[in-house]
Amino acid sequence: MAVRSILHYPEPLLKKMSVPVTRFDDELKQLAQDMAETMYDAPGVGLAAPQVGELRRLIVLDCSGKENPADLIVAVNPEIIAQEGESCEEEGCLSVPEYYALVKRFSSVTMRYQDLDGKPQQRQAEGLLAVAMQHEIDHLQGVLFVDRLSPLKRSIFRKKYQKLMKQREEV
Ligand code: NI
């Protein structure tokens, strides 16, 4: 397994649409393994393939913090097929380091996807996992959580983030 480097905003690739996965081969399994390792290493609760430079519809999720290997969800070609309720939780993103903001989402969702063998799967979730599903699927459309902020909050974000990046360069 290998930890891959995570692309950071404003990397243009993060704004691109990912394409559906059609080949369920060893290379896909390897990418999924690398993504899981990268997510745990960060650490984070979810990671989408474009964040490691692969424009493919593949995400990994684990809201339990690596305690139980069975908690890892690898979702190929995921989509939300049902949603309900409202939530507004603080989100962050491994591609937008050190920035957090409240984002409006559905509080409960059903995600349909394929596993690494191409078999159709479905999973209903609430709370943090439901938010993570929506956040990671957004990445496959080239959408970051900061794109979901109000125009005012987004402009505040841009200024803050530029400052943060500058500070990091100076270190
Ligand atoms: Ni993210």
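These legends accompany close-up views of a predicted model. Residues are numbered from 1 along each chain as its sequence is written, and side-chain values use heavy atoms, leaving out hydrogens and water. Local features need pLDDT of at least 70 and side-chain atom pairs count only at pLDDT 80 or more, while totals for chains, interfaces and linings use all residues.

View A. Cys93 (SG), His135 (NE2) and His139 (NE2) lie 2.1 to 2.2 Å from the nickel ion. Donors are N, O and S atoms within 2.8 Å of the metal (3.2 Å for Na, K and Ca); water is not among the atoms, so sites may look incomplete. The donor residues follow the spacing C-x41-H-x3-H. Cys93 sits in strand S4 and His135 in helix H2 (residues 127-140), so this pair ties together parts 42 residues apart in sequence. Helices (H or I, at least four residues) and strands (E, at least two) are DSSP runs, numbered from the N terminus. Cys93 is buried at 9% relative accessibility, and His135 is buried at 6%. Buried means under 20% relative accessible area, exposed over 50%, and partly exposed in between (1.4 Å probe, protein chains only).

View B. Strands S4 (residues 87-93) and S5 (residues 96-105) run antiparallel, joined by six bridges; strands pair if DSSP finds at least two bridges between them.

View C. Ala42 and Pro43 are joined by a cis peptide bond with omega about -10°. Pro43 lies in the loop between H1 and strand S1 (46-48).
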